[in-house]
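Subject: Structure handover

Hi,

Here is the structure I promised to pass on to you. Please have it open while you read, as my notes follow below.

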Amino acid sequence: MAKYFDVHPENPQQRTITNVAESIRSGSLVAYPTDSCYALGCQLGSRDGLSRIRSIRNLDDRHHFTLMCQSFAQLGQFVHIDNDVFRTVKASTPGQYTFILPATKEVPRQLLHPKKKTVGVRIPDHPVVQALLAELGEPLLSSTLLLPDEAEPLTQGWEIKERLDHEVDIVIDSGDCGTEPTTVIDFSGGELEIVRKGAGDTSRFE
């Protein structure tokens, strides 16, 4: 059974955040709220966590996973960013955007798109996730909590606990966080491509 934590959306309880971070380091898979719907997350190098996310979401090896980063400085350790892209990404973070960029050697191979050698990165604007990332000291390997054959991501903590009780280890509930996933912007092909229009405003990229 998954552990269920009711966390304040603006002032998350530090003891709970510390407990969740310790569990993630020990291999736990967590369902957590972001500034654009719920996500599944595990430790960056966890092969088991990655496999469990693939299984829950029925994903193939071409799926772009996301590294949820605390800061722009941390993001820069895991992807290559040229000057033009740097300015665009910097101006759009933190926020409801995922950026696909060429990965550095810091990213485990199993996370990379098999042909492009790219990975998704984002900096969330959500106090609970920011607190968790600060406690972890590294990115959280993540994927939107969108179940196979369902049109919208799960958005209520109690429902996630009910439906995924034996598939995740932890559910963090901090109230409503919306049903729309991030806008995904691909910078890896030389020209900007809007892969998915989501919660983030796309006008600055068009």
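Contact here means heavy atoms within 4.5 Å. This is a predicted model, in which local features need pLDDT of at least 70 and side-chain atom pairs count only at pLDDT 80 or more, while totals for chains, interfaces and linings use all residues. Residues are numbered from 1 along each chain as its sequence is written, and side-chain values use heavy atoms, with hydrogens and water left out.

Let me begin with the overall picture. The chain holds six helices and ten strands (DSSP runs numbered from the N terminus: helices are H or I with at least four residues, strands are E with at least two). Its radius of gyration is 16 Å, close to the 17 Å from the globule rule for 206 residues, so the chain is as compact as a globular protein of that length. That radius is taken over C-alpha atoms, and the rule is 2.2 Å times the number of residues to the power 0.38. Along the principal axes, the C-alpha trace spans about 45 × 35 × 30 Å. Of the contacts with a separation of 6 or more, 67% are between residues 24 or more positions apart.

Now to the interior. Buried residues (under 20% relative accessible area, with a 1.4 Å probe and protein chains only; exposed is over 50%, partly exposed in between) make up 54% of the 206 residues. A nonpolar core is a set of buried Ala, Val, Leu, Ile, Met, Phe, Trp, Tyr and Cys residues joined through side-chain atoms within 4.5 Å. The largest one has 42 residues, and Leu 67, Phe 99 and Leu 145 have the most contacts inside it. Among the elements that give two or more residues to this core are helix 2 (47-57), helix 4 (83-91) and strand 5 (97-102). A second, separate core has 19 residues, including Phe 5, Val 7, Ala 21 and Ala 131. Leu 145 touches, beyond four places in sequence, residues including Tyr 38, Leu 40, Pro 153 and Ile 160.

Gln 74 sits in helix 3 and is buried, with a relative accessible area of 9%. Setting aside neighbours within four places in sequence, Gln 74 is in contact with Met 68, Cys 69, Gly 137, Glu 138 and Pro 139. Gln 110 lies in the loop between strand 5 and strand 6. With neighbours within four places again left out, Gln 110 contacts Gly 45, Arg 47, Leu 50 and Arg 54.

Best wishes
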